[in-house]
Amino acid sequence: PSSAQVPRRTRKGSSPTFDPHISLAFGAVVRELRSSLDMAQDAFAYAAGIDRSYYGKLERGEKQPSLGMLLKIASPLDRSGA
């Protein structure tokens, strides 16, 4: 089979659509916006309705947010999902 037909191998439990570059960039932007509000991670996660440890993984680029998670994060930042 051609390489286009072979699915990407992933670690157990990881998504084949996970892109570490996007995740790291997203985390850096969110961290900067949260810091500009002078909010600690745990306070921000609470305000967004997200588990604190999961939110930390998002900021570190270890997880890639779903659309729903992105919208939860956008709200306390006073930003649109776009």
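**Helices and their shared core**

Just after helix 2, Gly49 adopts a positive phi of about 75° in this predicted model. Within helix 2 itself, which spans residues 41-48, the buried residues are Phe44, Ala45 and Ala48. Because these residues cover an arc of only 100° around the axis, they lie on the same side of helix 2. The cover over the buried residues of helix 2 includes helix 1 (20-36), helix 3 (52-59) and helix 4 (67-74).

Two of these covering helices also pack against each other: helix 1 and helix 3 meet at an angle of about 115°, with their axes 7 Å apart. Since angles of 65 to 115 degrees count as roughly perpendicular, helix 1 and helix 3 are therefore roughly perpendicular to each other. In this contact, Ser23, Gly27, Ala28, Val30, Arg31 and Arg34 of helix 1 meet Tyr55, Leu58 and Glu59 of helix 3, and the residues involved divide into four nonpolar, two polar and three charged.

In soluble globular proteins, nonpolar side chains tend to be buried together. Here the largest nonpolar core has eleven residues in all, namely Phe26, Val30, Phe44, Ala45, Ala48, Ile50, Tyr55, Leu58, Met69, Ile73 and Leu77. Helix 1, helix 2, helix 3 and helix 4 each supply at least two residues of this core, and helix 2 gives the most, with three residues. Phe26, one of the core residues, is in contact with Pro65, Leu70 and Ile73 when its neighbours within four places in sequence are left aside.

Note on methods. Residues numbered from 1 in each chain as written. Predicted model: local features only at pLDDT ≥ 70, side-chain atom pairs only at ≥ 80, totals over all residues. Heavy atoms only, no water. Buried < 20%, exposed > 50% of the residue type's maximum accessible area, 1.4 Å probe, protein only. Helix = DSSP H or I, 4+ residues; strand = E, 2+ residues; numbered from the N terminus. Arc of directions from axis to C-beta. Contact = heavy atoms within 4.5 Å. Axes fitted to C-alpha atoms, helices over the stretch in contact; angles between N-to-C directions. Parallel < 35°, antiparallel > 145°, perpendicular 65-115°, else oblique. Nonpolar A, V, L, I, M, F, W, Y, C, P; charged D, E, K, R; others polar. Core = buried A, V, L, I, M, F, W, Y, C linked by side-chain atoms within 4.5 Å.
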